[in-house]
Amino acid sequence: MSVPFLDLRGTWEELRTPLLRACAKVLSQGRYILGDEVAALEREVAAYCGMNHGVAVGNGTDALTLSLRALGVGPGDEVVTSPFTFFATVESILQVGATPVFADVDPRGFTITPATVEPRITARTKAILPVHIFGLMADMAGLRALADAYRLVVVEDACQAIGATWRGFGIGHYGDAAALSFFPTKNLGGYGDGGMILVHDAELAARLRRLRAHGSAIKYIHEEPGWNSRLDELQAALLRVKLAHLPAWTSARQALAARYDAGLAGLGLQLPWVPAEANHVYHLYTVLVPDRTALQRFLAERGIEAHVYYPLPMHLQPALSGLGYRPGDFPVAERICQHALSLPLYPGLTAAQQDEVMRGVRAFLHRRGAPSARAEKEGR
Ligand SMILES: *Cc1c(COP(=O)(O)O)cnc(C)c1O
């Protein structure tokens with residue numbers, strides 16, 4: 001039995017009729033960018049997340065970039081963020097001319113924390129940019145309190161975390177803005193690129209609406225230079241069809257995660273951690289394993305696809321070599337990058353497929369011997 005890492009065609013088959021109907025409606029209407037479907041999606045996603053305003057943009061990277069710009073982050077400013085993320089997080093900081101400053105992550109949750117961020121704050125710090133990695137929110141109550149104490153703004157990278165909560169509050173609640181991505185593989189994925197910014201504040205939403213459309217609110221009057229970063233009607237219409245299923249898909253992810261938790265317990269792997277404050281939406285199910293590369297290869301030989309998110313932390317990326325970071329600067333993030341392996345988890349993954357993954361993992365660990373058994377054998 002082969003187990004793909006992700007299979008997006010299942011959703012297409014499940015929703016073929018309403019998706020095609022939504023396309024036909026848009027195509028026949030003759031308005032293709034920023035129309036009624038986008039406005040409706042903005043309202044519906046904001047409501048789903050418990051936020052006042054949604055501003056749809058071209059992708060998640062732009063959602064981050066425009067948020068920083070709209071909140072006044074620019075050249076000379078420092079933004080404290082996570083070294084354990086996708087490069088887009090850091091790119092958004094560079095795009096507005098600010099400097100990324102890294103804080104190490106928590107060894108269990110893989111997110112930055114008030115304790116790791118505070119020592120990194122300087123007189124030039126303007127913002128904190130936590131990443132809700134793999135679908136687990138950072139300690140947002142703590143980071144908000146820290147930001148208030150130092151008069152900083154908070155932009156949440158929630159690209160992997162739609163529907164997640166911390167102490168019952170969703171993404172965007174504790175921040176000044178939260179960025180979502182609708183990249184096809186995300187928990188709410190479109191059929192192309194897309195993104196959205198969630199904010200509380202009406203004035204901030206209005207500025208973001210200008211920034212996504214050449215800095216213009218009134219046609220041909222440009223108040224500031226902006227971007228061309230808009231969502232098209234087709235994507236919005238398709239995403240609205242899928243949004244109706246997101247609660248069920250999130251529950252399916254959580255049920256699959258619980259099955260992995262039960263089936264992989266006690267094997268010497270570090271399984272995903274869920275603090276009491278958090279509702280985890282499992283964009284990815286990621287374990288830490290001593291011999292990650294060997295396990296990935298072993299599973300591949302059995303037809304099971306497991307992926308590495310992420311092999312190289314941000315502070316060691318070639319593009320950031322000018323910032324002067326060195327191996328060893330953020331040991332927790334570096335260790336996670338060496339040992340993390342994400343297992344197949346998506347709505348539609350069958351119990352039989354999941355059992356096959358777990359059999360594969362167990363077979364590998366028994367073949368190699370658990371780390372403690374191996375250490376004993378080797379007389380350590
Ligand atoms: C996907 C992702 C982004 C970027 O989103 P795009 O829509 O691909 O631009 C940013 N940050 C994180 C953590 C992501 O997973």
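Guide: On a 1 Å grid over the protein atoms alone, a cavity is a set of points where a 1.4 Å probe fits but cannot get out. Points join across faces, edges and corners, and a volume is the space filled by probe spheres set on the points. This is a predicted model: local features need pLDDT of at least 70, side-chain atom pairs count only at pLDDT 80 or more, and totals for chains, interfaces and linings use all residues. Residues are numbered from 1 along each chain as its sequence is written, and side-chain values use heavy atoms, without hydrogens and water.

Visitor: How many cavities of 30 Å³ or more does a search of the whole structure find?

Guide: The largest cavity has a volume of about 130 Å³. Among the residues nearest its centre are Leu 8 and Arg 253. With the cut-off at 30 Å³, the search finds four.

Visitor: Which helices each supply at least two residues of the shell around the ligand?

Guide: Helices are DSSP runs (H or I, at least four residues), numbered from the N terminus. The shell divides into three nonpolar, eight polar and two charged residues. The helices are α3 (60-70) and α4 (87-95).

Note on methods: Nonpolar A, V, L, I, M, F, W, Y, C, P; charged D, E, K, R; others polar. 1 Å grid on protein atoms, 1.4 Å probe; cavity = no way out; pocket = protein on both sides within 12 Å on 5 of 7 lines; lining within 4 Å.
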